[in-house]
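Colleague: Can you walk me through this one? I'd like the overall picture, then some single residues.

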Amino acid sequence: MLVLAVLGFAIAGAIASPAMKVLSTGGFEDPNSESAIAVDVLRDRFDTGDPNFVLLARAPQNVDTNEAAAAGRALTEKLTGQDGVAEVTSYWTSGLPADLRSKDGRSALVMARLSGDEDDALKTARRIAPLVTGEQGVLEVKSGGRAEFNRQGSERVTSDLTRAEGIALPITVLLLVLVFGSGIAALLPLAVAGVSVVGSLAVLRLLNEVTGVSIFAINLATALGLGLAIDYSLFIVSRYREELRKGHDTGAALRASLRTAGRTVLFSALTVLLSLSALLVFPLYFLRSFAYAGIAVVFFATLGAVVLLPALLAVIGPRIDKFDVLARLRRRGRQEPERAEDSKWHRLATSVMKRPWPVLTVVLIALAVAVLPFSKASFGLPDDRALPKDLAAAQVGAATRAEFPSLAGQDLKVVLTGKKPDEAALTQYARALSQVSGVKRVDTASGSFLDGGQVAASAAGAEKVFTDADGAWLSLGTGIEAYSQAGEDLTADVRTVPAPEGTKALVAGRAATYTDTLDSLWSALPYALGIIAVTTFVLLFLFTGSVLMPFKAIVLNLLSLTVTYGAMVFVFQDGNLQWLVGDFTVTGQIDVTMPILMFCIIFGLSMDYEVFLLSRIKEEYDRTGDNQKAVAIGLQSTGGLITAAAGLLALFFTALVSAGVTHVKMLGLGTALAIAMDALVIRALLVPAFMQLAGRANWWAPAPLRRLHERIGLSHAPDTDEPLPAQAGGGKVGGPSPQAVR
């Protein structure tokens with residue numbers, strides 16, 4: 001098995017190696033939406049679209065001087081001659097339009113459309129940006145636009161991930177030695193993590209050949225791969241040590257560990273996998289990419305835990321505690337209690353169960369206060385403001401909004417399909433569109449319209465093809481922020497204007513993309529929630545035989561999200577605590593995909609810890625029938641494991657807060673907070689309090705479901721198939737007989 005693992009790791013590593021270079025930074029739009037279809041029509045039939053590559057040129061004095069104008073024309077000519085550049089509009093070659101010149105006259109814009117999809121545009125931008133930026137004659141030029149946002153964002157994500165790993169891994173290795181109790185044991189989760197991370201990256205690399213995969217999913221693959229490897233390894237190794245202490249040999253200890261902890265790991269992995277698979281229902285491949293990464297990570301982490309880890313333990317045998325380099329420190333800092341009742345986790349559970357109502361009341365009030373900021377959440381989509389302020393794309397975007405206000409709200413474009421409208425019908429439609437509130441100007445093939453009247457022959461009409469044999473398109477100038485409620489309202493108003501007879505109107509533009517993306521997400525959200533709720537209920541019923549436990553798990557897992565959702569708004573929308581999380585651009589909005597993404601990730605991780613805790617509680621309850629004792633023993637057995645595993649996983653996600661890209665920073669902080677909240681508050685306080693109040697009802701199920709569970713559910717009764725361990729003298733260890741245990 002170890003030889004096969006090494007070969008598989010080498011093959012997966014070879015496949016995964018180019019992943020960082022080939023994955024995309026896009027995927028934030030619904031490809032089947034009206035706006036996306038309109039973009040495709042504009043590109044394929046009319047060879048036009050929104051500019052996605054912008055050059056900001058600054059002159060020493062004024063962009064209209066002879067030297068600056070000559071340099072500007074040369075820059076425009078150089079950009080126009082590059083392969084992959086479909087359209088170029090420049091201040092110096094397009095009739096000196098005022099909207100391409102800054103208010104102080106020292107800056108001007110050259111705007112281009114790079115051909116192809118987002119990945120094609122990114123490759124073109126990577127090739128041409130060094131050629132047209134920096135010193136261009138007397139001009140100092142920086143590049144921005146959507147293509148540069150994707151390129152620079154991709155490069156920054158790669159460097160951020162490398163830095164996060166450099167911060168987290170040394171600390172993680174040190175803590176692994178402390179948590180696992182020896183140098184040898186500490187290396188085991190790293191082996192499982194290597195299989196998990198490299199295997200999942202190989203899957204993402206292969207999937208990228210057939211569908212879009214976001215580069216941001218690598219952050220989840222790395223953090224979750226390490227976290228689950230630690231979780232699963234810690235749970236199995238702890239049980240293995242426990243079996244060795246009972247006197248079992250290596251084989252018997254491994255079999256007992258996998259029948260108990262191994263089975264729990266499999267069940268836990270299934271719950272995490274299904275929670276993350278809910279992201280597949282969303283049309284945005286940014287979100288689906290996290291499902292791909294999550295499913296692959298869980299699969300390989302589980303494979304490593306139940307196949308590779310037992311093989312390693314079989315080789316290591318009883319030497320699992322060798323090279324405990326921190327033994328002296330551990331002995332100074334911790335004294336093992338002689339009785340289980342004296343352990344801190346047992347005392348905590350007992351204390352909470354003595355006063356469940358006060359604990360529930362205080363914790364629920366605190367969580368309600370923590371989630372309050374989310375009530376004023378405002379949602380947007382990521383743009384150049386998500387990048388660090390020192391990147392050129394962010395600086396160009398900020399300058400465009402400040403110095404070129406007429407370009408702040410990008411145009412809408414209306415595509416008429418079905419047939420080519422006659423000139424009278426097209427003119428009437430353009431007049432109607434120009435009267436929509438928020439529309440400043442409508443350009444068509446025959447002219448431009450403002451407030452219902454024609455103001456001029458269309459200057460753009462001489463340069464662009466506005467009609468073909470099967471349709472036409474119109475350009476709508478707006479002054480409205482695209483990612484806002486005003487942008488949604490404008491899109492809706494434009495879509496309500498009746499199109500010419502026999503045609504169908506499709507609206508494109510940033511505001512339309514924003515509107516369609518929100519609609520797609522809200523439409524798919526109930527299905528994702530339904531998948532998570534139904535699968536959670538079914539799996540936990542099979543695991544516990546109870547109908548109350550699944551409802552309890554769902555409610556408590558939702559509570560673990562409260563601090564995260566409140567922090568998203570308080571920190572990233574309102575701009576607080578930047579001294580703690582690092583500098584970023586405050587837009588007054590949060591990325592609409594992040595609450596959905598973190599819901600699925602955090603719910604899955606919460607289920608991971610829920611299954612670990614419930615497995616020991618149910619095992620003890622089946623043995624004794626005492627609910628209170630079962631909860632105390634369950635928390636005593638798993639509290640330290642869950643807290644240690646959660647702390648290590650939270651550490652790696654916390655390292656992502658050092659990232660420069662805002663939504664990576666948000667993912668790191670939000671997930672780390674939720675993990676800490678789940679381990680320290682939900683599992684340690686709310687679970688004992690709830691289960692004490694419910695009493696024996698915790699394990700209740702209607703008679704038909706109880707009989708169903710007896711046939712197909714899991715049993716947690718102690719396994720007595722293994723022979724009792726032999727003492728050194730050949731006798732039997734004292735204790736109850738197998739019959740008494742049963």
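Colleague: What kind of model is it, and what cut-offs apply?

Modeller: It is a predicted model, where local features need pLDDT of at least 70, side-chain atom pairs count only at pLDDT 80 or more, and totals for chains, interfaces and linings use all residues. Residues are numbered from 1 along each chain as its sequence is written, and side-chain values use heavy atoms, with hydrogens and water left out.

Colleague: How many helices and strands in the protein chain?

Modeller: The protein chain has 25 helices and 14 strands. Both are DSSP runs numbered from the N terminus, helices being H or I with at least four residues and strands E with at least two. Along the principal axes, the C-alpha atoms fill a box of roughly 105 × 55 × 45 Å.

Colleague: And what percentage of the residues count as buried?

Modeller: Of the 742 residues, 55% count as buried. Buried means under 20% relative accessible area, exposed means over 50%, and partly exposed is in between, with a 1.4 Å probe and protein chains only. On contacts (heavy atoms within 4.5 Å), residues 24 or more positions apart account for 79% of those with a separation of 6 or more.

Colleague: Switching to holes. How many cavities of 30 Å³ or more?

Modeller: A search of the whole structure gives 5 cavities of 30 Å³ or more. The largest cavity has a volume of about 210 Å³. Of the 17 residues lining the largest cavity, Pro382, Ala386, Thr587, Gln589 and Asp591 are the closest to its centre.

Colleague: How is a cavity defined there?

Modeller: On a 1 Å grid over the protein atoms alone, a cavity is a set of points where a 1.4 Å probe fits but cannot get out, and lining residues have an atom within 4 Å of a point. Grid points are joined across faces, edges and corners, and the volume is the space filled by probe spheres set on the points.

Colleague: Which elements give two or more residues to the lining of the largest cavity?

Modeller: Strand E14 (590–591) and helix H23 (662–694) do. H23 has the largest share of that lining, with 3 residues. By class, the lining has 8 nonpolar, 6 polar and 3 charged residues. Ala, Val, Leu, Ile, Met, Phe, Trp, Tyr, Cys and Pro count as nonpolar, Asp, Glu, Lys and Arg as charged, and the others, Gly among them, as polar.

Colleague: Aromatics next. How many pairs?

Modeller: The count comes to 18 aromatic pairs. Rings of Phe, Tyr and Trp (its six-membered ring) pair if their centres lie within 6.5 Å. Phe28, Phe216, Phe286 and Phe290 are linked into a cluster by ring pairs.

Colleague: What lies over the face of tyrosine 483?

Modeller: Arginine 510 does, at 4.9 Å from the ring centre. The rule for a charge over a ring is NZ of Lys or CZ of Arg within 6 Å of the ring centre and within 35 degrees of the ring normal.

Colleague: Aspartate 231, buried or exposed?

Modeller: Aspartate 231 is buried, because its relative accessible area is 1%. It is found in helix H8 (residues 217–245). Leaving out residues up to four places away in sequence, aspartate 231 touches Asp608, Tyr609, Phe612 and Ala645.

Colleague: And where is serine 520?

Modeller: Serine 520 is in helix H17 (residues 510–544). At 12% relative accessibility, serine 520 counts as buried. With the sequence neighbours up to four places away not counted, serine 520 touches Asp30 and Pro283.

Colleague: What about the loop between E2 and E3?

Modeller: Serine 102 lies in that loop, and at 2% relative accessibility it counts as buried. Serine 102 and alanine 399 are 297 residues apart in sequence, but 9.0 Å apart in space, C-alpha to C-alpha. Tryptophan 92 is also placed between strand E2 (85–90) and strand E3 (107–114). Tryptophan 92 counts as buried at 8% relative accessibility, and its contacts beyond four places in sequence include Ala57, Val63 and Leu139.

Colleague: Backbone now. What is phi at aspartate 47?

Modeller: Aspartate 47 has a positive phi of about 55°, although it is not a glycine. Its place is in the loop between helix H3 (34–46) and strand E1 (53–58), and aspartate 47 is partly exposed, with a relative accessible area of 46%. Leucine 577 also has a positive phi, near 60°. Leucine 577 is found in the loop between helix H19 (562–573) and helix H20 (578–581), and counts as partly exposed at 32% relative accessibility.

How values were computed. Rings of Phe, Tyr and Trp (its six-membered ring) pair if their centres lie within 6.5 Å; planes under 30 degrees apart count as stacked, over 60 as edge-to-face and the rest as tilted. On a 1 Å grid over the protein atoms alone, a cavity is a set of points where a 1.4 Å probe fits but cannot get out, and a pocket is an open set with protein on both sides within 12 Å along at least five of seven lines; lining residues have an atom within 4 Å of a point.
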